[in-house]
Amino acid sequence: MTAIVHSLEPITLVGAGSLSDSDIEDSLALAPTLVAADGGAAHCLAAEHMPEAVIGDMDSLDMVQAAGIPWERLHEITEQDSTDFDKALRHIESPLVVAVGFTGARMDHELAAYNVLMRRADRRCVLVGETDVLCVAPPKLTLDVPVGTRVSLFPMRAVTGRSEGLKWPIDDIAFAPDGLIGTSNAATGPVTLEMDGPGMLLILPKAFLPLLVKTLLATPAGWPAP
């Protein structure tokens, strides 16, 4: 698939959902190239940032907002079989994407964002919410978090794995979205996770966004493209 945006650094991707006043600035400090998914451009302009590209079907960006963006930065993808988050993520070539504005507001949009993370599990992407950050757990990673840190695991499909440094180890547990899940676990020290497949969402408190980004960038092995 041809990339619209190429960057050797992480990219901030902004959606049209809920975000705080500081979300874009905090994300840009970690991922300095700014891209918007359709109506997310309005958040960028409100924060006085011009996105490098706007990608989507353009049904959420009004003409006044679009008029303030150079036409060559507008990339319309008209097909209706995928969300704007998917359209944008699959056309970005970058070591990691920090995605803000894809949670909150409509619940169906938020669920659709989790679906995109799973279907694009080969792409490192951290989703930023109001209180938490999450990503698809890679094959193996170690997080140097303080004792007592909440570490939640939510399976999006049947998946197994192993852990060190969790109050409740995950070894020998068959996780599934309609079965056992691993939310509200806690760190007893540095946490190491090994997953047998790309099926688990890793959820941490929002304060650990910089650590999660740094850890994912330093983790060499990712999931293969589907």
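Buried means a relative accessible area under 20%. By that cut-off Asp-23 is buried, because its relative accessible area is 4%. The model is predicted, and this briefing covers its salt bridges, which number nine.

**Lys-206 and Asp-23**

- A salt bridge joins Lys-206 to Asp-23, with 2.7 Å between the closest N and O atoms.
- The two partners lie 183 residues apart and link distant parts of the chain.
- Lys-206 sits in the loop between strand E14 (200–205) and helix H6 (209–218), while Asp-23 belongs to helix H1 (residues 23–30).
- Asp-23 is buried at 4%, whereas Lys-206 has 21% relative accessibility and so counts as partly exposed.

**Arg-120 and Asp-86**

- Arg-120 pairs with Asp-86 in a salt bridge whose closest N and O atoms are 2.7 Å apart.
- This pair also connects distant parts of the chain, 34 residues apart: Asp-86 is in helix H4 (residues 84–90), and Arg-120 is in the loop between helix H5 (107–119) and strand E8 (125–128).
- Arg-120 and Asp-86 are both buried.

**Lys-87 and Glu-79**

- Lys-87 forms a salt bridge with Glu-79, and their closest N and O atoms are 3.9 Å apart.
- The relative accessible area of Lys-87 is 0%, so Lys-87 is buried.
- Glu-79 is partly exposed, with a relative accessible area of 26%.

Conventions: Residues are numbered from 1 along each chain as its sequence is written. This is a predicted model: local features need pLDDT of at least 70, side-chain atom pairs count only at pLDDT 80 or more; totals for chains, interfaces and linings use all residues. Side-chain values use heavy atoms; hydrogens and water are left out. A salt bridge is a side-chain nitrogen of Lys or Arg within 4 Å of a carboxyl oxygen of Asp or Glu. Helices (H or I, at least four residues) and strands (E, at least two) are DSSP runs, numbered from the N terminus. Buried means under 20% relative accessible area, exposed over 50%, partly exposed in between (1.4 Å probe, protein chains only).
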